[in-house]
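This report looks at salt bridges. Please keep the sequence and the structure in view while reading.

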Amino acid sequence: DLGRLPLSEIGELVGGLDHPDPGQAEALVAGTPFLMRPDQAGTFRFLLPAGRWDLNLKATGYQQTWIEDVETNSGQTRKIQTSSLLPDPDYQCTDSETRIDRFSQGGQGAVDILFIIDSSGSMFSRQEALASSFSEFATAMENGELDFHLAVLTTGMKSPGCPVCSDAIPQSCINETGEGGRFQDLLGENLGTLDDPNMVFESDPACRVVTRENLNCFYDAEQERGTILVGTSGCGYERGLASVRTALGDLAATHNAGFLRRSARLAIVIMSDEEDCGEVGEVSEGPVFGGGNACYFAAKGIDPEGNTVDSMGKPYQLTPVEEYALFLEELKPVPGLVNFSAIVGVVDVNDPGATEITYEYDEQHSRYSVLPACVADNCEGPFCPASPGTRYIEMAQRLRGSVHSICNRDFSQPLLDVAGVTNGYRREFGLTAVPLDPEAMEVRVNGMAQSDGWRWDDGRRVVEFDEDAAPPPYALVEIVYEAACS
């Protein structure tokens, strides 16, 4: 149970595999239920108690190989040599072959999960959708037998363009909690409609850090309120990365005390339809400088007219994403205990790194605007598009998180994916090949055949377990099926 072990006793083991399709291979730690599939770059990593371990690498049609007596040291990352799998000369396949895809179920241990929710004017329908999708995420966390903490931040930081809220300034302002790196303890509730929201907030300091005991603080489906509904009066200069660094740095021992545990994994989830704007002071704020578009100029390093500085001579430059990533990794002695996921504007979720900031000239208003990365389906109005979130995507790729489109109308699947990335506890298991006869597929959990409680999803090529039939923490899941020769 790595989440409950003192982190000083855990080491990270990172290896590589040279294989035409690394995702078809598997790396196992002998004598344990731990199994990993390399990513598309061939990298695999394990978090293991300090000691000596044997690794077994194998793939269908190739000779398996062993890496023996690999040592992990307390609180250190150990990199081992890249291994190659040689074709098996005895392997023959004519039309089809039997495949056994194996998976290690995650779960248990301790995890601290921080949600950063964009509180600007375009976000209300997306906050509602996130709230209505929360139940499956909560079920996954509870079924995973996790000791979890949840907290909510917004993307707002006090700045010249975002002063403290007052009667005179009801919009694009900073509230008492939820913004400026302070965890939200205001329970938001909409007394209006989705198209015309009327948000009211009730303060409850006990909801600042949410656990299994007060999970309704995060979102109460019966009362339709919770800290996840942060409203839409927040800052229009969204600074999600700066907010996280403030929350887990300067305010970790004061306003935000009780959330961050040294002996827990840390998972961060950003939900925003705008780009990150770095630190306060890194862009000139105000309409004359392009308003919120200045954040995009600075994120890209150049404005639509080819300038690399604004009219005041301030460079279009933001704090590098790598700096924020290093800050988060340094909160733990083992970098693999931190991940960052993004629900943002993305052009293609299968290739999120291809999302770029692009512009077009608006003849009507005689100015440039940022082209959207995506537009919500069956949606009309100015809040349907979402702008590129390139810095959040880069952060997710650096810290091994998942990336999803904020243009979805249902966030159940993104939240379940986030839960899987966070703690490894899953209900869905993707196969390495397409079964020729799904009805003949055999599913085993810890060696026991499962005749029901699961189904094959042909569109997504996954075996999906029912909520009440999901494999328990640390179970070995094996899926046996016939597939065409690879």
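Which side chain meets Glu97 in a salt bridge? The partner is Arg99, with an N to O distance of 3.4 Å. The model is a predicted one.

A search of the whole structure gives 27 salt bridges. The table lists some of them.

| Salt bridge | N to O distance |
|---|---|
| Glu97 and Arg99 | 3.4 Å |
| Glu323 and Arg245 | 2.8 Å |
| Arg460 and Glu464 | 3.7 Å |

Take Glu323 and Arg245, whose closest N and O atoms are 2.8 Å apart. This pair links distant parts of the chain. Glu323 sits in helix α5 (residues 321-329). Arg245 belongs to helix α3 (residues 240-248). Glu323 is partly exposed, at a relative accessible area of 37%. Arg245 is also partly exposed, at 21% relative accessibility.

Next come Arg460 and Glu464, joined by a salt bridge of 3.7 Å, N to O. Arg460 is partly exposed, with a relative accessible area of 38%. Glu464, in contrast, counts as buried at 13% relative accessibility.

Definitions and conventions
Residues are numbered from 1 along each chain as its sequence is written. This is a predicted model: local features need pLDDT of at least 70, side-chain atom pairs count only at pLDDT 80 or more; totals for chains, interfaces and linings use all residues. Side-chain values use heavy atoms; hydrogens and water are left out. A salt bridge is a side-chain nitrogen of Lys or Arg within 4 Å of a carboxyl oxygen of Asp or Glu. Helices (H or I, at least four residues) and strands (E, at least two) are DSSP runs, numbered from the N terminus. Buried means under 20% relative accessible area, exposed over 50%, partly exposed in between (1.4 Å probe, protein chains only).
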